[in-house]
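Colleague: Before we discuss this model, could you put the sequence and the structure up, so that we can go through the strands, a helix and a loop in turn?

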Amino acid sequence: MNSDPKLERIAKGNALALCATGTWTASFAPVLERMVADAEKLAGGPQSIFIDVSEVAKLDTFGAWLIERLRRSLTQGAVEAQIAGLSANYSSLVDEVRRVRATPVVETSTITITGMLEQIGRAVAGVGGTVAGLIDMLGAVLAAGFRVLIHPRAFRLTSTVHHMEQVCWRAVPIIVLITFLIGCIIAQQGIFHFRRFGADIFVVDMLGVLVLREIGVLLVAIMVAGRSGSAYTAELGSMKMREEIDALRTMGFDPIEVLVLPRMLALVLALPILAFLGAMAALYGGGLVAWLYGGVDPEAFLLRLRDAISIDHFIVGIVKAPVMAAVIGIVACVEGLAVQGSAESLGQHTTASVVKGIFFVIVMDGVFAIFFASIGM
Amino acid sequence: MAGEIQNPIIRVRDITVQFGATRVLDGLNLDVKRGEILGFVGPSGAGKSVLTRTIIGLVPKVAGSIEVFGVDLDSSSTSQRRNVERRWGVLFQQGALFSSLTVRQNIQFPMREYLRVSQRLMDEITMAKLTMVGLKPEVAERFPSELSGGMIKRVALARALSLDPDLVFLDEPTSGLDPIGAGDFDELVRTLQRTLGLTVFMVTHDLDSLYTACDRIAVLGNGKIIAAGSIADMQASQHPWLRQYFHGKRARAVMS
């Protein structure tokens, strides 16, 4: 049934007929386009031209448009090229296509040096905007927090508990596993290198200080930023996309109070708990390796640990946790609420949420290190 | 191909679809004939969308067979199935436009996959399709999030039509449109059906659509087709739901 399309030229006295035959459909589009381009060269000739489509076996939008394209380019001034032999089936399709205006020029952006410089400039200026956005959100969350303190009935306990389960309880296995393994690795590396100086036992000092002050909380914060920060951004972002946040607003609810505050609170409560569990798991892992690999038996390990660390180390570590949680939460919520209509935008903001979250966690850790050093803790 | 003309374009036999313990479709039979606009109605939650999604292969069925264009979709090879998919277009209830692509890219997406067509022709055909569905060419460079609900439906229809399919599935095409917009849309479906020789499978709730656009109506209830026929047959039916649907207050308003 499908036959190759053809466009034959038949001279009829003073006029030239272009006889289209065969199947004029999308599957033959490349052939058709070439034929039409060839025939277009006839424009400007002396004869009047008409296009005879009576022999066309099958026509679809592609074919109809190409015939229309040919007709347009053969039409000059007042002399219009005619389409002849149109069957009733296809005449409405050709009429439909005839209404189409010429294609508007598609603007394509070209990469120029000034364009690139402009982008860099905009990105730098955007940093200020990011910081302002974070401070804005911090203010909004604190204001919502105070409102809830004054009217405790506005507090969303169920939501907070739900997010606690998601962020804290369900994160316990993976956090404990990873910090346990990190504890093992620190101890193994420590023993391996300290052994050369006969200082095996100092691995306990290193492990205790490192885990309680820095690694425990930092590692857990990074994992929470990746695990829960991204989830917050994706949740809020898809709610934004589906106008759920606008719906809340029109019902007289404050999205910050309903959505952001419970999530922030859950995260601020969860991170110290997770950091504590993580530190314990890392110490346990380190102790296990010290015993099995380094020959430091558990009693000696515990004695040494008691001497090496004080409660200060633990406090220094755990105090950082809620602050880091707040930073992660604010970054995640700001990014979530900044999502625009498309799936691509959701992806970009979720990536930004994790990257910025981890960046700010490390910056905060540095600030804390300077602070604790200067107060002598 | 000759047999296809006599045989129905869609032939559904003894379809059963189950979600957990609930049986949504229970031994359902349905034929859709070439060149007709079939309106598919039924109470909310009766499984209209489920049937549509089952036919296009998005929902697995427990039993039964589906033939589209004379090809049994269960026993067909991948290339046969591809061929069938190339010949149908689907308009989803929410439009389902790709949100990170512009309108132009959305409409050209199936063309790029299935056809070897120059960019110039694709652009021109895109404009033709936009004109056909009643949109201005300026819309082409917008993203779906910048369109109104009615425009999204129209662009989605243009995308469904981009390969010049023989069969289109429309899932509630007029829901969420204002009555004038909905009327235009019905008109549009009718015009396109005439110009392109389409077969249309339309799930709808809109009585106006049933009266103005559809050649035949099938009614779904209790997981089966409880009635199928012309609008006059529906009005004559004694089935309680049909009586309520076609003789209720709104139906009288539409008919008068």
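Predicted model: local features only at pLDDT ≥ 70, side-chain atom pairs only at ≥ 80, totals over all residues.

Colleague: Why does B:Phe92 count as buried?

Modeller: B:Phe92 is found in the loop between β6 (88-91) and α4 (103-114) of chain B. The cut-off for a buried residue is 20 or more other C-beta atoms within 10 Å. B:Phe92 counts as buried because its C-beta neighbours inside 10 Å number 20.

Colleague: Leaving aside neighbours within four places in sequence, which residues is B:Phe92 in contact with?

Modeller: B:Phe92 and B:Ala156 are 64 residues apart along the chain, yet their C-alpha atoms are separated by 7.7 Å. Contact is judged on C-beta atoms, which must lie within 7 Å. By that criterion, once the neighbours within four places in sequence are set aside, the contacts of B:Phe92 are with B:Ala156 and B:Asp171.

Colleague: Which are the edge strands of the open sheet in chain B?

Modeller: In chain B, 4 strands form an open sheet with antiparallel pairing, and their order is β2-β1-β4-β5. Each edge strand pairs on one side only, and in chain B these are β2 (22-32) and β5 (71-72).

Colleague: Which residue in β2(B) does B:Ile10 stand opposite?

Modeller: Strand β1 of chain B, residues 10-19, runs antiparallel to β2(B), and 8 bridges join the two. Within β2(B), the residue opposite B:Ile10 is B:Val32.

Colleague: Turning to chain A, are the strands β2(A) and β3(A) parallel or antiparallel?

Modeller: β2(A) and β3(A) are joined by 9 bridges, and A:Trp24 stands opposite A:Leu59 in β3(A). The direction in which β2(A) and β3(A) run is parallel.

Colleague: How many residues of α2(A) are buried?

Modeller: Helix α2 of chain A covers residues 61-74 and reaches 20 Å from its first C-alpha to its last, close to the 20 Å expected at 1.5 Å a residue. What covers its buried residues includes β2 (15-24), α1 (29-40), β3 (48-59), β4 (82-84) and α3 (88-98) of chain A, together with α5 (119-132) of chain B. Among the buried residues are A:Phe62, A:Trp65 and A:Leu74. Of the 14 residues in α2(A), the number buried is 12.

Definitions and conventions. Residues numbered from 1 in each chain as written. Chains lettered and ligands numbered in written order. Pairing = 2+ DSSP bridges. Expected span 1.5 Å × (residues − 1). Contact = placed C-beta atoms within 7 Å.
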